[in-house]
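My entries are below, for anyone who likes to follow along.

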Amino acid sequence: MSIETSIEQLSSRLQALVQDTRVVLERAVHDYQDVVYSNSLGAEAMVLTDIICTYVPDIDMFTLDTGRLHDETLALLDRVERRYQRRIQVLYPQAEAVEQYVRDHGINGFYQGFNERQSCCNIRKIEPFKRGIAGRKAWVTGVRRGQSAERAQGEAISWDQRYDLWKVSPMLEWTEEDVWAYIRARNLPYNALHDKGFPSIGCAPCTRAVEPGADPRSGRWWWENPETRECGLQPRRVIPLKVEPRRAAA
Ligand code: SF4
């Protein structure tokens with residue numbers, strides 16, 4: 001089945017969401033030209049990757065390999081590249097910084113406290129992310145309103161003061177159910193861990209499965225206060241807006 005045919009067969013709600021997402025991305029490319037997508041390889045990222053590769057291929061893509069990812073995440077990256085016949089730039093942390101961190105705190109030093117955890121995220125995520133967006137005019141993210149009260153206030157295109165470029169959030173109106181309906185309808189690849197109770201997937205030592213119906217991000221940095229559970233790429237999370245039911249395994 002061709003891309004056009006399968007997208008035409010989506011429900012009218014999904015068709016409208018795809019169209020709105022496409023319009024936001026095309027507007028960003030038109031207005032800023034130099035737009036890059038920071039691909040998290042999560043479920044929303046599979047949708048966004050499909051829409052970008054299908055309709056707005058001028059948008060560059062990179063992803064972060066922290067060195068602590070699950071094998072399933074790396075396998076997914078390979079599947080995505082094969083499906084779209086497109087290379088996704090992989091950014092790694094600076095080796096010297098990682099070595100110094102491990103010398104100072106140990107291989108799993110992030111369990112020692114918030115500062116140690118944030119330091120690890122700074123070295124393995126934030127610094128490579130900043131290299132990924134350096135010199136760009138706009139970056140794309142797959143955040144949804146339903147993920148948190150803070151994200152609920154987001155705008156499709158807004159000035160990102162933390163990084164001094166435009167932030168493009170074309171998936172704000174998608175629900176978790178929309179995301180999975182699209183993944184199934186388009187038979188997209190996705191991380192095998194989603195079928196094992198991992199709704200939100202980060203580094204292996206900092207992610208665990210959650211019970212059905214639990215806050216999807218409660219499996220991330222579960223030993224910390226909920227208000228600190230962000231890696232810093234997105235603004236600090238406040239309180240979950242609502243808990244979306246976990247989808248049934250495909
Ligand atoms: Fe380090 Fe954990 Fe942050 Fe990954 S999620 S960068 S392992 S603290």
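These are my notes, in the order I made them.

**Ground rules.** I am working on a predicted model, where local features need pLDDT of at least 70, side-chain atom pairs count only at pLDDT 80 or more, and totals for chains, interfaces and linings use all residues. I number residues from 1 along each chain as its sequence is written.

**Helix pair.** I looked up helix 2 (residues 12-32) and helix 3 (residues 43-55), and they pack at about 65° with axes 10 Å apart. Axes here are lines fitted to C-alpha atoms over the stretch in contact, with angles from 0 to 180 degrees between N-to-C directions. Helices are DSSP runs of H or I with at least four residues, and strands are E runs of at least two, numbered from the N terminus. Val18, Thr21, Arg22 and Leu25 of helix 2 meet Ile51, Ile52 and Tyr55 of helix 3 (contact: C-beta atoms, placed from the backbone, within 7 Å).

I found 6 strands in an open, mixed sheet, ordered 3-2-1-4-6-5 (pairing needs at least two DSSP bridges). The twist averages 30° from one strand to the next. Strand 1 (residues 35-38) runs parallel to strand 2 (residues 60-64) over 3 bridges, and Tyr37 has Met61 of strand 2 as its bridge partner.

Technical notes
Two residues are in contact if their C-beta atoms, placed from the backbone, lie within 7 Å.
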